[in-house]
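Dear colleague,

Please find the structure below, handed over for your records. My findings follow directly after it.

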Amino acid sequence: MDSLIDSSDVAIPINAVDPDGLEKLLDSLGETEAAWARSTGFDAAAGAVTIIADAKGVIGRVLFGLGRANGRRAALITGKLPAILPQGDYQFVTDLPDPALGALGWALGNYRFERYKTNPSPVPRLVVPAGVDAPRARSMARAIYMVRDLVNTPANDLGPAEISEAIHTLGARFGATVSEIVGRDLLSASLPMIHAVGRAADVDRAPRLVDLVWGDPAHPKVTLVGKGVTFDTGGLDIKPSSSMLLMKKDMGGAANLMGLAHMIMEAKLPVRLRLLVPTVENAIAGSAFRPGDVLRSRAGVTVEIGNTDAEGRLILADALALAAEENPALLVDLATLTGAARVALGPEIPAVFTHDEGLAADLARHAEERADPLWRLPLWAPYESMIDSKIADINNAGTGGFAGSITAALFLDRFVPKSIPWIHGDIYAWNPSGKPGRPEGGEAQTIRALFALIQERFGAV
């Protein structure tokens, strides 16, 4: 990761300071530097920046405000600096509240999606603070860059085949085995709902299930299932144009779990990892599945189609049923599943669901410690009546207009035995506006917290 370096002989010092320590810092600087800082009105508020340069414009020092104690929520604030500072090497010469998150914030703030730019922009580099695990910081940043790149790529260049290619590339890097089931072979493999959702797409965008396996089979099984809808028109229940504009990101669950798999494999955690990605384009054609159809799932549960725009839960259901057959020690799925989760929690806070109180508590703790926010919503059993069907076992679209994220989670719950520790994440995978360390565009959500959870639970052989 070019933006994080081990050392530099020409690194420009950055003094990070809170308001309470400002005067002491200014008193320790030279008279000219202190006078310059005071003249700019630098007050050490969160994210405040003063660049101190000589008469020729050569930067000699940077002052960076930490603000008053804001807990972990402001931990990635260092991500503001790469958007302001010119190309060069920099080094924090005063302590950060959390040096590891400070380094990660810098790296994430340096992200640029420039696949379609003729002249990529250079980035400033940071000497990794003392005591920070530099390889781990770079690994996290690489994984998150990959997630962002995938989500940001438009659907004309990222269909199911390209998702598969990316997973094959990831697997090859770490010695994993990757296989896939494509098109009508999904029917003979008893994955009928994945086929039904994706069958209307062009032949070069045929639906598929990609299956990556890595690690010692004797180690605890950790299985990840990511929704990989590379573009969602809504199907025959077509979305309005305004709702289609961001549907390139409907594979954000798959992208995020590819990022998590990257972290797990690069850290060589002692788990037998499996990544299952059902990937489709929900297109419109004469062969598209219809409202009112009844599909038989891999698990044998029959599903009445109440809305073809509730397609993500259908492909996840078949993949979750397959994952559950080997009884993993932990099963995680992530999906850009419902607008209801965004109405409830906004774009920055994913909704998570689990029956396991211990899992919920541990995940919440790691999320807080790593500034990777999420919020648990209930698998409220009385709402199961909202997804009842008069002609099938279950309907894929809840009735009544309430609790859409919960009813979607309850739908998936029908395909995961209660004996399996399971976490479902309903994520947005997108920043609608830029913030420090989180530029506008595709985003990695929950995976740093999930990595910490998996490392804690399964990290010892």
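In this predicted model, Tyr116 has a relative accessible area of 44% and is therefore partly exposed. Phe113 is partly exposed as well, at 26%. The number of aromatic pairs comes to five. In one of them, the ring centres of Tyr111 and Tyr145 lie 5.1 Å apart with the planes at 80°, so this pair is edge-to-face. Tyr111 belongs to the loop between helix H3 (99-109) and strand E6 (125-127), whereas Tyr145 sits in helix H4; the pair thus links distant parts of the chain, 34 residues apart. Tyr111 is buried at 6% relative accessible area, and Tyr145 is buried at 15%. For Phe113 and Tyr116, the centres are 6.0 Å apart and the planes stand at 65°, which makes this pair edge-to-face.

Helix H4 (residues 134-152) also packs against helix H9 (residues 252-266), at an angle of about 160° and with the axes 9 Å apart. Because angles over 145 degrees count as roughly antiparallel, H4 and H9 are classed in that way. Their crossing is right-handed. Among the residues making the contact are Met140, Ile144 and Leu150 of H4, and Ala255, Met258 and His262 of H9. By class, this contact has 10 nonpolar, five polar and two charged residues.

Finally, Leu374 lies in the loop between helix H12 (357-369) and strand E16 (375-376). With 12% relative accessibility, Leu374 counts as buried. Beyond its neighbours within four places in sequence, its contacts include Ile349, Leu363 and Ala449. The C-alpha atom of Leu374 is separated by 28 Å from that of Asn282, 92 residues away along the chain.

Yours sincerely

Notes
Residues numbered from 1 in each chain as written. Predicted model: local features only at pLDDT ≥ 70, side-chain atom pairs only at ≥ 80, totals over all residues. Heavy atoms only, no water. Axes fitted to C-alpha atoms, helices over the stretch in contact; angles between N-to-C directions. Helix = DSSP H or I, 4+ residues; strand = E, 2+ residues; numbered from the N terminus. Parallel < 35°, antiparallel > 145°, perpendicular 65-115°, else oblique. Left-handed = near helix turned anticlockwise from the far one by under 90°. Contact = heavy atoms within 4.5 Å. Nonpolar A, V, L, I, M, F, W, Y, C, P; charged D, E, K, R; others polar. Buried < 20%, exposed > 50% of the residue type's maximum accessible area, 1.4 Å probe, protein only. Phe/Tyr/Trp six-rings, centres within 6.5 Å; stacked < 30°, edge-to-face > 60°.
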